[in-house]
Amino acid sequence: MIDSTSEVPRWRQAHAILAARIRSGEYPPGERVPSVVAVSEELGISIPTAQKALRQLREDGLTYTVPGLGSYVATQPPTD
């Protein structure tokens, strides 16, 4: 999934993968998104890289965070 030979930074690749899952409905609105550790393990990236990808999803309006509970898919993700 993550192309280690690509010039695209790994966090951007991870962000693109997760954003595509949200937009496709694989992660439906209101569902908790995988944790930083889960994303790190699944995609074979470092925890800081996974944190950056997940932070960008939040900044894009695709997810929101509930302190102490985790991050969730936004009810109405923005469209491109």
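Predicted model: local features only at pLDDT ≥ 70, side-chain atom pairs only at ≥ 80, totals over all residues.
User: Okay, how many helices and strands does the protein chain have?

Analyst: Helices (H or I, at least four residues) and strands (E, at least two) are DSSP runs, numbered from the N terminus. Here you get 3 helices and 2 strands, in the order α-α-α-β-β from the N terminus on.

User: What does the radius of gyration say about the protein chain?

Analyst: The radius is taken over C-alpha atoms, and the globule rule is 2.2 Å times the number of residues to the power 0.38. For 80 residues, a compact globule would come out near 12 Å, and the protein chain has 12 Å, which agrees. Along the principal axes, the C-alpha atoms fill a box of roughly 35 × 30 × 20 Å.

User: And what share of the residues counts as buried?

Analyst: Buried means under 20% relative accessible area, exposed over 50%, and partly exposed in between (1.4 Å probe, protein chains only). In this chain, 35% of the 80 residues count as buried.

User: Let's take helix α2. Which of its residues are buried?

Analyst: Helix α2 spans residues 36-43, and Val 39, Ser 40 and Leu 43 are buried there. To see how they're arranged, look down the axis: the arc is that of the directions from the helix axis to the C-beta atoms. The buried residues of α2 fall within an arc of 100 degrees, so they line one face of the helix. Their cover includes α1 and α3 (47-59). Just after α2, Gly 44 takes a positive phi of about 70 degrees.

User: How many salt bridges does a search of the whole structure find?

Analyst: The test is a side-chain nitrogen of Lys or Arg within 4 Å of a carboxyl oxygen of Asp or Glu. The search turns up 1 salt bridge. Its partners are the side chains of Arg 21 and Glu 42, at 2.7 Å, N to O. Arg 21 sits in helix α1 and Glu 42 in helix α2, so the pair ties together parts that are 21 residues apart in sequence. As for cover, Arg 21 is buried at 9% relative accessible area, whereas Glu 42 is partly exposed at 45%.

User: What does His 15 touch, not counting residues up to four places away in sequence?

Analyst: Contact means heavy atoms within 4.5 Å. On that basis, His 15 touches Ala 53, Gln 56, Leu 57 and Asp 60. His 15 belongs to helix α1 and is buried, with a relative accessible area of 15%.

User: Where is Glu 26 found?

Analyst: Glu 26 is in the loop between α1 and α2. Leaving aside neighbours within four places in sequence, Glu 26 is in contact with Arg 21 and Glu 31. Arg 21, remember, is the salt-bridge partner of Glu 42.

Notes. Residues numbered from 1 in each chain as written. Heavy atoms only, no water.
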